[in-house]
Amino acid sequence: MTQDTDPTPLDEEPRDDVGTPEDAPDMIAPDAAPGEEPEESPDEADTDDVFVPDPSVFAEDGDPDGATSYLASGADWDDIVAEQAERTDSVIVVNMGPTHPSTHGVMRLVLEMDGETVLSLRPGIGYLHTGIEKQMEYRTWVQGSPLISRCNYVASTANEAVYCLAVDKLLGITDDIPERANVLRVMAMEVNRIASHLIAIGSGALELGATSVTMVCLQEREHCLEFTDSYCGLRMNHGYIRPGGVASDLPSDGLDRLRELVRLLESNLPAIAEFTLEQPIIKLRMEHVGTLDLAQCMALGATGPTLRATGYGWDLRKMQPYCGYDTYDFDVCIDTGMDSFARWKIRLAEMDESVKILKQCIEKLERTIGQPFVIDDPRIGPAATMTVGADGQGASNEHVKLLMGQSMEALIRHFKKVTAGFTVPPGQVYTAVEAPGGEIGCHLVSDGGLKPYRVHLRDPGFHHAQTMPMMCEGGMLSDVIVALGSIDPVMGGVDR
Amino acid sequence: MSESTPSTARGVVPARDEGIPGVVGTRSGLFGDDHGSAEVSGFGVIDEVVYAPPASAPPYGGWFDLVARRLRQLFPSAVTQVVVYRGEITFYVERRALPDLVRELRDDDTLRFEALMSVSGVHYPAQTGHEFHVVYDLLSMTHNRRIRLETTCPAADPHVPSVTPTYPMANYDEREVWDMFGVIFDGHPGLTRILMPDDWVGHPQRKDYPLGGIPVEFKGAVVPPVDERGGRRP
């Protein structure tokens, strides 16, 4: 098959569209075309701005100092075999990842193996680093919510919650958040916790080859995502929790949907526990695998189900309540197994507790129908009152009428709020919430401006990644995957 | 407490014990960066110096005094300044004293901060001699308390002693602060880049590092950095 006889349609179509270089969008630099001299010589424009790497800072082959480093560049297979033959021991280096499907995102594990035994393990992370913390310094306080939501995309509501609680705290309005806003926040967080645990359990089982568990978990998660979709319009990356409250109230059928979700979860979730907890293969694969005792958890900063699997019932929802969690009746799930199976059991039990919390949310939401879902502060609240019309969500007719026909000041304020947002007093705070994976924290610094000065997200997965050597060294290669699944790192959150 | 924790300290020169100036930065105009913009309202030429919340004087309230007193007892000169703001206490400490201080914070019976939950860097280019701040958020699970330590280092000498001998969990955190800010943690077991590629040059979270200032490279084409596309600024 040659180009002449059989040009692919893909090759042909863009040719018709490509016009003169002036038509090209400025996204694509026309200067880059080969053979053309760029208008500006890079030397003139960039002498001051561009880093010129100093070659002396990098180690080269044959440099005497430094431990062996393993790079992802790859090599000829014959060279690898020859290098291995030169070694006198039987240690081989296995590079797992960075795109291995059974790791939770793009994670790389470098293992030194003696046969099937892991001698050393070093996680390599950063492949999903997108600079979200840096980007947030260039966005308004409200825009930060949907942006930080994209860190840990499986448990995104916890990211939003911890960021918005930090903004609330800097604004000094933590105690002024209306009750209904807090209930809606709790509802969103707990639905998301169930969805996240279902992914942890489902993908954990998939990594063992148990596809039916995955399918059941994904099916239940689908119910959670559909509910999320119904109140904020998005299945993932919601941006629902905002500084001062939440983005919108439940829709008119929201409570019915929530009741239906609770009914479904109550009837279906126990089945997952029934067919996994006594399953001999799952038990054989998970028990006494990936062990972390309390001292190790404390040394390496493990929190959440990993810490509670050592029998220590540390749950921020109980210990340092936020969003009114102290008014809910639920239990902290602990286990004493210290292994992957204990974490599995804790996640299963925590979903039941979350359903319990959701049922209490229903009561509270019924009681607070019609009450505000965002703080009563014209500076911080949403710019417009929103309604859902036939063509989707938009500003309500009353609001448009006010802006266009009645009040110039309201129009100015609307414009200022949409374009600039609000300022937050200078200072710094650290807030922490119990994310599905453990403690997620937000260190937030404000310089009194319209944008954050510095946002730092303490993601539980980031700290759990450093427990991997402790859990896996000395164990089997096949247990690495089980251990990794049991700490449920989501690389979007680890790398941010 | 309300006297020592004003909601905004803008324009107020705080009383400082020593060392750390409180300037967070300067802003100009209505939107913070109006220099060179085309707006004609006149706000664009107004410069404003922003200060961090001022130092607090004892009593700090509640268990804050207990911790502060015990720290003062153990290390009479290490804590240069205490700030209580939004119900949180921050101890500014000398970087030299940090390793001994955190060991006592972890081991002392009245302190017992077992966990260092987060290490975060902040870059204040306006604070000459204290450009880089390293912020440690500690948690005591025994007493259910949180405190914050903050230490600084100049850009010319960006060295801070590592706390990994006391808190092994700070390993990745300190690598991240090195990666993002270029603060060198002396005594860290393996201070290498963690989020950026190993051969990256520069420290992206510094304030003088542009957002999206790196061209995106595809095979056969280059997309210019965000701040150079179509005359836009990020």
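Colleague: At what angle do the axes of helix H14 and helix H19 of chain A cross?
Modeller: In this predicted model, H14 (residues 340-367) and H19 (residues 477-487) of chain A cross at roughly 30°, and their axes come within 9 Å. Axes are lines fitted to C-alpha atoms, for helices over the stretch in contact, with angles from 0 to 180 degrees between N-to-C directions. Helices are DSSP runs of H or I with at least four residues, and strands are E runs of at least two, numbered from the N terminus.

Colleague: What is counted, and at which pLDDT?
Modeller: Local features need pLDDT of at least 70, side-chain atom pairs count only at pLDDT 80 or more, and totals for chains, interfaces and linings use all residues. Side-chain values use heavy atoms, with hydrogens and water left out.

Colleague: Which residues of H14(A) meet H19(A)?
Modeller: A:Ser340, A:Arg343 and A:Arg347 do, against A:Val482, A:Ala483, A:Gly485, A:Ser486 and A:Ile487; contact means heavy atoms within 4.5 Å.

Colleague: Turning to chain B, what is the strand order of the open sheet?
Modeller: The order is S3-S4-S7-S6-S5 in chain B, with mixed pairing; two strands pair if DSSP finds at least two bridges between them. The edge strands are S3 (79-85) and S5 (115-123) of chain B.

Colleague: In which sense do S4 and S7 of chain B pair?
Modeller: S4 (residues 88-93) and S7 (residues 145-153) of chain B pair in the parallel sense over 3 bridges. B:Tyr92 has B:Glu150 in S7(B) as its bridge partner.

Colleague: Where does helix H3 of chain B lie?
Modeller: H3 (residues 170-181) of chain B lies across S5 and S6 (132-140) of chain B, at about 5° to S5(B).

Definitions and conventions:
Residues are numbered from 1 along each chain as its sequence is written. Chains are lettered from A and ligands numbered from 1 in the order in which they are written.
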